[in-house]
Amino acid sequence: MVPLGWIGGTCGLILAAAISMYANALLGRLHEIGGKRHIRYRDLAGHIYGRKMYALTWALQYINLFMINTGFIILAGQALKAIYVLFRDDGLLKLPYCIALSGFVCALFAFGIPYLSALRIWLGFSTVFSLIYIVIAFVLSLRDGITAPAKDYSIPGSESTRVFTTIGAVANLVFAYNTGMLPEIQATIRPPVVKNMEKALWFQFTVGSLPLYAVTFMGYWAYGSSTSSYLLNSVHGPAWIKVVANLSAFLQTVIALHIFASPMYEYLDTRFGSGHGGPFAIHNVVFRVGVRGGYLAVNTLVAAMLPFLGDFMSLTGALSTFPLTFVLANHMYLMVKGPKLSAFQKGWHWLNVVGFSLLSVTAAAAALRLIILDSSTYHLFADM
């Protein structure tokens, strides 16, 4: 909201939800082609285009998921630091240390959850933690907004800067709504798969988006353009309530990261695992500790080095989320359903392919500019 303002931010959130819903619905309808289910994004692309596109899709998907995981570790570190600052604001526990601790906890969780299906009960906890955070952030922001003086809602920066931050914000909006792993999620849905996936998408992008809108709009209304990127750093209230909210954010992040790391874990387990014995056999546990621990160590190092990751997420949204979710989904739909589509439908999908390709290039240029500017302001392992 800060780089877009009330009108741009509100329209952007709604429009990003609508186009994301549409693109994911297209992708969901490609779940079964030629009598075969495609439960991985790269398998679907490989079936339609061949081996080269299989490899390219694999690379784009895992870059996207790597950045999501890195962002989660930064968020977890911010939550831990916020808890520490509530009791001791002496600057001893810096953000990079909190990020390192968060990465260690995420690794411990990854060692004990061998498969995505083993997350079932934890997904319930994740929902509870999310609701706790949203309710507390909403209520405290509402209270602050009522008692605070007039807020400044102007978009910060010079006119030329605003253009690039607006484009970067658009890429961030798209990044926030899309996972890059819909075929993997769809693989766990009971039959009829396509119909149930569409029901899930409609629910997620309507009712499921309301809590996101509520806390986003309330936070921006209460604090204006001075709103912190981590909302709980802006709110005021009893320390114990803020501890509960920050702890909920931390625990939810640990669980959510495992969801988005699961495709990488699955690939590593399939490619390098022994395939023998139960998930908690000694050799399999040792394998998870080494491989998953190594992967999360890299995530944590990047998170600690670059805690101003928002600019890099804009770049990731431009280079991977746009191509995967919008360009590729529309083009794959054309490739598979083309003979059955009318001329108008074909023209519409080609317009999406060309339009989102151009938007991807533009957003990438804007993100690179923001990275260059911020690199002169922040340093590696910054305590933000």
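1. A residue is taken as buried when its relative accessible area is under 20%, as exposed when that value is over 50%, and as partly exposed in between. By that cut-off Cys 106 is buried, because its relative accessibility is 2%. The model is a predicted one, and the points below should be read as such.

2. Cysteines. The whole structure contains zero disulfides. Cys 106 takes part in none, and the nearest cysteine sulfur, which belongs to Cys 98, is 13 Å away. A disulfide requires two cysteine sulfur atoms within 2.5 Å, so that separation rules one out for Cys 106. Cys 11 has a relative accessible area of 49% and is therefore partly exposed.

3. Largest core. Which residues have the most contacts inside the largest nonpolar core? They are Leu 257 and Leu 296, in a core of 54 residues. Two or more residues each come from helix H3 (51-87), helix H4 (95-112), helix H5 (120-147), H9, helix H10 (239-272) and helix H11 (282-305). Leaving out residues up to four places away in sequence, Leu 257 touches Asn 69, Phe 72, Ile 73, Cys 106, Tyr 265 and Leu 296. The buried Cys 106 of the previous points is thus one of the residues that Leu 257 touches.

4. Second core. A separate core of 32 residues is also present, and Met 21, Leu 26, Met 197 and Tyr 213 are included in it.

5. Aromatic pairs. The count of aromatic pairs comes to 18. One of them joins Trp 6 and Phe 217, with 6.3 Å between the centres and 40° between the planes, a tilted arrangement. Trp 6 belongs to helix H1 (residues 5-28) and Phe 217 to helix H9 (residues 210-223), so this pair links distant parts of the chain, 211 residues apart. Both residues fall in the partly exposed class: Trp 6 has a relative accessible area of 32%, and Phe 217 has 23% relative accessibility.

6. A further pair. How are the rings of Tyr 22 and Trp 348 arranged? Their centres are 6.3 Å apart and their planes are at 70°, so the pair is edge-to-face. Tyr 22 is partly exposed at 32% relative accessibility, and Trp 348 is partly exposed at 39%.

7. Trp 6 and Phe 217 belong to one aromatic cluster together with Tyr 153, Tyr 213 and Tyr 220. Tyr 213 is also one of the residues of the second core. Elsewhere, the charged end of Arg 51 is placed over the ring of Tyr 54, at 4.4 Å from the ring centre. Lys 151 lies over the face of Trp 221, with 4.7 Å to the ring centre.

8. Asn 178. This residue is in the loop between helix H6 (159-177) and helix H7 (182-186). Is Asn 178 buried or exposed? Asn 178 counts as buried, because its relative accessibility is 4%. Its side chain makes polar contacts with the side chains of Ser 20, at 3.0 Å, and of Asn 24, at 2.9 Å. Neighbours within four places in sequence aside, Asn 178 is in contact with Ser 20, Asn 24, Ile 68, Thr 321, Thr 325 and Phe 326.

9. Ser 209. The loop between helix H8 (193-204) and H9 holds Ser 209, which is buried with a relative accessible area of 2%. A polar atom of the Ser 209 side chain lies 3.1 Å from the backbone oxygen of Gln 204. Apart from residues up to four places away in sequence, Ser 209 touches Tyr 177 and Gln 204.

10. Cis peptide. The peptide bond from Pro 191 to Pro 192 is cis, with omega near -10°. Pro 192 is located in the loop between H7 and H8.

11. Ser 375. Helix H13 contains Ser 375, which counts as partly exposed at 44% relative accessibility. Ser 375 and Arg 162 are 213 residues apart in sequence, and their C-alpha atoms are 18 Å apart in space.

Notes: Residues numbered from 1 in each chain as written. Predicted model: local features only at pLDDT ≥ 70, side-chain atom pairs only at ≥ 80, totals over all residues. Heavy atoms only, no water. Phe/Tyr/Trp six-rings, centres within 6.5 Å; stacked < 30°, edge-to-face > 60°. Helix = DSSP H or I, 4+ residues; strand = E, 2+ residues; numbered from the N terminus. Buried < 20%, exposed > 50% of the residue type's maximum accessible area, 1.4 Å probe, protein only. Lys NZ or Arg CZ within 6 Å of the ring centre and 35° of its normal. Polar contact = N/O pair within 3.5 Å; in protein donor to acceptor, adjacent residues only side chain to side chain. Contact = heavy atoms within 4.5 Å. Core = buried A, V, L, I, M, F, W, Y, C linked by side-chain atoms within 4.5 Å.
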